[in-house]
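Colleague: I'm new to reading models like this one. Could you take me through the terms and how each one is decided?

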Amino acid sequence: MVTTTYQVQGMTCGHCVNSVSAEVSAIEGVKDVQVDLASGRVTVTSESPLDTDSVRAAVDEAGYDLVEA
């Protein structure tokens, strides 16, 4: 398993957390997504390293911005 932490900008509430979690969880190979609303950190556990562009696209689909990987 691989754990990677991403910084996401624009999340302000529980709905934001749910949206990001749902979109990132849909990426193939993702096993767990933990979102820390206060810090904007999204920690993803996956079977293998994820393509940053895939994570960026999922976060974008949820309506937020991936600011660093």
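**Talking through the model**

Modeller: Let's start with α1: its 12 residues reach 16 Å from the first C-alpha to the last, close to the 16 Å expected at 1.5 Å a residue. This is a predicted model, where local features need pLDDT of at least 70 and side-chain atom pairs count only at pLDDT 80 or more, while totals for chains, interfaces and linings use all residues. Residues are numbered from 1 along each chain as its sequence is written, and side-chain values use heavy atoms, leaving out hydrogens and water.

Colleague: What makes α1 a helix, and where does the expected span come from?

Modeller: Helices are DSSP runs of H or I with at least four residues, strands are runs of E with at least two, and both are numbered from the N terminus. α1 has 12 residues, so it passes the helix cut-off. The expected span is 1.5 Å times one less than the number of residues.

Colleague: Why is Thr-45 called buried?

Modeller: Buried means under 20% relative accessible area, exposed over 50%, and partly exposed in between (1.4 Å probe, protein chains only). Thr-45 has 18% relative accessibility, so it counts as buried. Glu-47, at 48%, therefore counts as partly exposed.

Colleague: How do you know that β2 and β3 pair?

Modeller: Two strands pair if DSSP finds at least two bridges between them. β2 (residues 30–36) and β3 (residues 41–46) have six bridges, so they pair, in the antiparallel sense. In β3, Thr-45 is the bridge partner of Asp-32. The hairpin has four residues between the strands, and Gly-40 there takes a positive phi near 80°.

Colleague: What makes Lys-31 and Glu-47 a salt bridge?

Modeller: The rule asks for a side-chain nitrogen of Lys or Arg within 4 Å of a carboxyl oxygen of Asp or Glu. Here the closest N and O atoms are 2.9 Å apart, so Lys-31 and Glu-47 qualify. Lys-31 lies in β2 and Glu-47 in the loop between β3 and α2 (52–62), so the pair ties together parts 16 residues apart in sequence. The structure holds one salt bridge.

Colleague: Which residues touch the most other members of the largest nonpolar core?

Modeller: Met-11, Val-24, Val-42 and Tyr-64, out of 20 residues in that core. A nonpolar core is a set of buried Ala, Val, Leu, Ile, Met, Phe, Trp, Tyr and Cys residues joined through side-chain atoms within 4.5 Å. Val-24 is also one of the buried residues of α1.
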